[in-house]
Amino acid sequence: MLLTLTTTHRPATDLGHLLVKHPDRLQSFDLPTGTAHVLYPEADEQRCTAALLVEVDPLRLAGGRGRGKAKAATPETFTLGQYVNDRPYAASSLLSSALAKVFRSALRGESRDRPELAATAIPLEVRVPVLRCRGGAELAVRVFAPLGWTVTADPIPLDGTHPEWGDSRYVALTLAGTFRVADALNHLYVLLPVLDDAKHYWVAPDEVDKLLRAGAGWLADHPERALITRRYLAHRRALAGQALARLAELRLADEAPADDSVADEPTAESPQRASLAVRRREAVLAALRAGGATRVLDLGCGGGALLTALAADRRFTEVVGTDVSSHALTLAARRLRLDRLPERQRDRIRLWQSALTYRDDRLRGYDAAVLMEVIEHVDPPRLPALEDAVFSHARPGTVVMTTPNAEYNVRYEGLGAGRFRHADHRFEWTRSEFTSWVERVAATYGYTATTSGVGDEDPEVGAPTQLAVLTRQEESR
C-alpha cells in the first residue's frame, strides 16, 4: 500500500526536516505486520514528495491476529480470508499504524531543525492510489472536506475492460490544501481506517484516548464526528459512547461559546471552507506571531482550544490559560493531555483560576494576552474593572481580542431581532461600538490599536467576528 505527501513550499526539501526523514536516503522500518519504507521520488527546492510504502506480510498479519483476545469482526476473520485479501494493496488501518510508527515526531508537530515551520500551514497534496472506501467517493468528501481539504475521490472500476460491471469499492484519493504537516498526518491517521471501516487489530479501551489525541482541535466540531467515532472504534458501542461524551464536553467548553446557538455561517456553503471558529483562532495566532510574542496569556481560556494551538507552536515558550471556572480548566488540562506530556513540554504550560475583573499579580509581565470571544460574557458595569485588571495592572505588550459583530446577526437564519448568538452573552457590539471602545481603552492606557474582521466580509454588515490588536506604547523614561 502506498501514500505520498507532496509540498511546493520553498524550499520544498524542508519536508524532510518536518518528517524527520532525509530525502537522500531510503529508510525502512520493521512493523508487526510487515515492513514500511520511506523514500522521496522527487526532491528539489520547488517540489518535494515523500512516499510511504508498506509491504504487508500475510503470514505475519494472520499470525498476530487476536493475541489471545477476541477478534474484531472483519471480512478476514474466516481462515482463508486471513491470507487472501486486499490488505497488502489497499490503504487501511495497517497504513494508519505505519504512519503512527514511522512519522511519530511529525504527528506530534515536533521538528528539532524547523520548529517554526512545523507550526506553519504549508501547501500539501496527499495521494492514496488505492483506498477501500465503504460508502463510496461521496463519503470520502464528507469526512475530509469539512477539515478544509479539496477532495478528489475517483472510483476505481471493477474491470477496465468490462465497464458494464461498474465500480469497485475502492477509490483513488487525492487531497489538496494548506495545513500543518502534523494536522494532515493526524487527519489521515484517523480517517483512513474510518473509510475502510475495519481494523486489523483488537480495539481496546485505550483507543478512545488515541482517537481524542489525534482528533484534538478538529474532531469535536466535525459534522460527521459520530460516524467517525463509531467506525474508528470498530462499532464498539460502549467505547463510542465514551468518546462522544468526551467530545461533547470539549464542544461545550470550547473557546467560542458564541457559536453554540447558531451556526458559524448563516447559509449553506462550500464544505471546503474552514469553520469560523478555526478562522478566528488562526487570525489570533497570526496576530501573536506578527507581534513577536513568546510568553502568552489566554484569558478566559475555556476548554483550551486556543491553548492547544499555542502549545503546539514552539515559538511560544510560556503559555498560561486562565478561567474563572475550575471545570473549564479541568477540561482544558484534559484537552492538552497535560498528564501525558513530557516534562519539558508540560513546564511551558500553566493553568490558573482567575477572574478577569480582579487584579492578579501572576498575570503581570507577559508579552501578550488574548481575550477570544470573552468580553461579551462580562456584565457591562464590570467592564471598567476588566479594563483596569488587563490594561493597567497586567499590562501585556499586546492584547488581541475578538467578539461577535452584532450587525452580522441578521445573516443568521432563525436569529430574531434583539437576540444574541449565545444565551450567556451580556451584550454584542456593532462595529462602531467596538471600535469606539477599543480606541478609548487604547488612549486611556497608552496603547495603539487596529481593528478588522474575521470571516467572510458582507458588503452591508461586515464580517461575523470583530478583531482588535492593541499594542502598548513604549514607556517614557
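Strand 11 covers residues 368–372, and five of its five residues are buried. In a regular strand the side chains alternate between the two faces of the sheet. In strand 11, Ala-368, Val-370 and Met-372 point one way while Ala-369 and Leu-371 point the other way, and all of these residues are buried.

Strand 11 is paired with strand 8 (residues 295–299), to which it runs parallel and is joined by three bridges; within this pairing, Val-370 is the bridge partner of Asp-298. Together with helix 15 (residues 383–394), strands 11 and 12 make a right-handed β-α-β unit.

In soluble globular proteins, nonpolar side chains tend to be buried together. The largest nonpolar core of this model has 73 residues, of which Leu-19, Leu-52, Phe-144, Trp-149 and Val-190 touch the most other members. Helix 7 (residues 181–196) gives the largest share of this core, namely ten residues. Apart from this core lies another, of 32 residues, which includes Ala-293, Val-296, Ala-332 and Val-400. Leaving aside residues up to four places away in sequence, Val-190 is in contact with Leu-211, Ala-214, Trp-218, Ile-228 and Tyr-232.

**Individual residues**

| Residue | Relative accessible area | State |
|---|---|---|
| Thr-4 | 14% | buried |
| Cys-48 | 0% | buried |
| Cys-133 | 3% | buried |
| Val-20 | 47% | partly exposed |

Thr-4 belongs to strand 1 (residues 2–7), and Thr-4 counts as buried because its relative accessible area of 14% is under 20%. Its contacts, not counting residues up to four places away in sequence, are Thr-49, Ala-50, Ala-51, Glu-125, Val-126 and Arg-127. As for the cysteines, Cys-48 is buried and Cys-133 is buried too, and the count of disulfides in the model comes to zero.

**Backbone geometry**

Most residues other than glycine have a negative phi, and most peptide bonds are trans. Against that background, the bond joining Arg-10 and Pro-11 is a cis peptide bond with omega of about -10°, and Pro-11 lies in the loop between strand 1 and helix 1. Val-20, whose place is in the loop between helix 1 and strand 2, has a positive phi near 55°.

**Confidence**

The protein chain averages a pLDDT of 86, and 87% of the residues score at least 70. Over residues 65–75, however, the pLDDT is below 50, although this stretch has 18 contacts in the model beyond near neighbours in sequence. The pLDDT also stays under 50 over residues 263–272, for which the model has 21 contacts beyond four places in sequence. Where pLDDT is low, the predicted coordinates should not be read in detail.

Terms used
Residues are numbered from 1 along each chain as its sequence is written. This is a predicted model: local features need pLDDT of at least 70, side-chain atom pairs count only at pLDDT 80 or more; totals for chains, interfaces and linings use all residues. Side-chain values use heavy atoms; hydrogens and water are left out. pLDDT is the predictor's confidence in each residue, from 0 to 100. Contact means heavy atoms within 4.5 Å. Buried means under 20% relative accessible area, exposed over 50%, partly exposed in between (1.4 Å probe, protein chains only). Helices (H or I, at least four residues) and strands (E, at least two) are DSSP runs, numbered from the N terminus. Two strands pair if DSSP finds at least two bridges between them. A crossover is right-handed if, with the strands pointing away from the viewer, the path from the first strand over the helix to the second runs clockwise. A nonpolar core is a set of buried Ala, Val, Leu, Ile, Met, Phe, Trp, Tyr and Cys residues joined through side-chain atoms within 4.5 Å. A disulfide is a pair of cysteine sulfur atoms within 2.5 Å.
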